[in-house]
Amino acid sequence: MFGSLKALPADPILGLLAKYREDSNSQKIDLGVGVYKNEAGHTAVLDCVKRAEKHRNDTEDSKVYIGPTGSPLFNDEMSKLIFGHHKVLIENRARTISTPGGTGSLRVAAEFIKSCKAGATIWVSNPTWANHTGLFEAAGLTVKTYPYYDYENKTLDFDGMLAALKEVSSDDAVLLHACCHNPSGMDLNNEQWQQVVEVAKGIGFLPVLDMAYQGFGKGLDEDAYGLRLMAENVKEMIVCSSCSKNFGLYRERIGGFTLIGETPLSADIANSVVLSVVRGIYSMPPAHGAALVETILSSDELRTQWHAELKVMRDRINGNRQLLVDKLVENGVTRDFSFIARQSGMFSFLGISPEQVQQLQDEYSIYMVGSSRMSIAGIANSNVDYLAQSIAKIL
Ligand code: LMR
């Protein structure tokens, strides 16, 4: 059976992790996978998570099966985090389940869309997260792209995006990054969201909002602006959320899948299909990460602490953006990189060729994705001079 297989290359993002770990250069810099790192280059467990974990250890008294929906308290707290005080919650039209990370949520979304319409088309931004296309295709969806990032001008191709969305058919799905666009760091402003929402409402396609970085852009509520506006205006919608980044729970694999139905009854019917999808893939989600998140979100004290820790992460990433721009200028780079400071979230494209990306890796032990996507959190005061000098040299 296995004899016909051909080896596949390592994942373009996760493969970098292994290479970086094997590199013995003491000056190596990891700008690859999207994980937050502190000034010392460490991805530490948040203090609020440590406290929630202690509470969990002290109080957990069973490991019995939890069921495909996961923890009801987590689902409830996540809905509030995503939507705030929103009419879809008041109208009882949203159904949230716990999923194994954001990726698990996206896969549930894909399988659910397939249950609605076999071979359905989902539109994704060009570019999008490297895993989106493979993940949706693996579930049998047809993936098409709409213009998004203007590589030449390092900005959003909003006219191109809007024109393409106006041509989408009403029985297609459209994936939108709620905030901190991965990989470009280019987000829609509020006015642009309003226009996209108008198009979605007019056509009636299914918006699928991927929110993997809530709180990493401008703030928890600010980052949910477009998502909440969309939810206010459309009849049906899906949200795929992740607690990997904003709670630092990467390896715990915890996220949420939310659907909004036109009525409470249609939401229940759709949710029953989602639960059968879950049963057929992983049966039920892991419980530990959900328990930590629900403990934090349902405690005033821990939630306040989490907000403060999240702000530290957000501010550091935003500070790194300006720091790199300044250091490049300081090191005599004349090309304009100021766009990096105007972008948002974990990533930006440096805008160099794949050959130059490879050169940075081979000669300077600086690791970023082949598209020149940098994970901004990997920059630190201790490595930014070396980084800027190396970029100056390969330019
Ligand atoms: C990334 O884009 O680097 C992260 O979302 C991690 C991953 O799974 O790819």
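Visitor: Why is Asn-92 called partly exposed?

Guide: Asn-92 has a relative accessible area of 40%. Buried means under 20% relative accessible area, exposed means over 50%, and partly exposed is in between, with a 1.4 Å probe and protein chains only. Asn-92 is therefore partly exposed. The model is a predicted one, in which local features need pLDDT of at least 70, side-chain atom pairs count only at pLDDT 80 or more, and totals for chains, interfaces and linings use all residues. Residues are numbered from 1 along each chain as its sequence is written, and side-chain values use heavy atoms, without hydrogens and water.

Visitor: How do you know whether Arg-253 is buried, partly exposed or exposed?

Guide: Its relative accessible area is 30%, so Arg-253 is partly exposed. Arg-253 also has a positive phi, near 55°, and is a residue other than glycine. It lies in the loop between β9 (237–242) and β10 (255–260).

Visitor: What makes Glu-111 count as buried?

Guide: Glu-111 has a relative accessibility of 14%, and therefore counts as buried. This residue is in helix α5 (residues 101–116). Apart from neighbours within four places in sequence, Glu-111 is in contact (heavy atoms within 4.5 Å) with Ala-139, Val-277 and Ile-281.

Visitor: What is meant by the largest nonpolar core, and which members touch the most others?

Guide: A nonpolar core is a set of buried Ala, Val, Leu, Ile, Met, Phe, Trp, Tyr and Cys residues joined through side-chain atoms within 4.5 Å. The largest one has 132 residues, and Phe-136 and Trp-306 touch the most other members. Helix α12 (residues 300–330) gives the most to this core, with nine residues. At least three residues come from each of domain 1 (11–44 + 315–394) and domain 2 (65–298), the bounds being taken from an automatic or database domain assignment. Not counting residues up to four places away in sequence, Phe-136 touches Leu-106, Ala-110, Ile-122, Val-124, Leu-141, Val-143 and Leu-175.

Visitor: How far apart are the C-alpha centres of domain 1 and domain 2, and how many residues are in contact?

Guide: The centres lie 28 Å apart. In domain 1, 18 residues are in contact with 18 residues of domain 2.

Visitor: Which peptide bonds are cis?

Guide: One joins Asn-126 and Pro-127, with omega about 5°; another joins Asn-182 and Pro-183, with omega about 25°. Most peptide bonds are trans. Pro-127 is in the loop between β3 (121–126) and α6 (130–138), whereas Pro-183 is in the loop between β7 (173–177) and α8 (190–203).

Visitor: What polar atoms lie 3.0 Å from an oxygen atom of the ligand?

Guide: A polar side-chain atom of Trp-129 lies at 3.0 Å from a ligand oxygen, and a polar side-chain atom of Asn-182 also lies 3.0 Å from a ligand oxygen. The protein covers 82% of the 260 Å² of accessible area that the ligand has on its own, by the Shrake-Rupley method with a 1.4 Å probe.

Terms used: Helix = DSSP H or I, 4+ residues; strand = E, 2+ residues; numbered from the N terminus. Polar contact = N/O pair within 3.5 Å; in protein donor to acceptor, adjacent residues only side chain to side chain.
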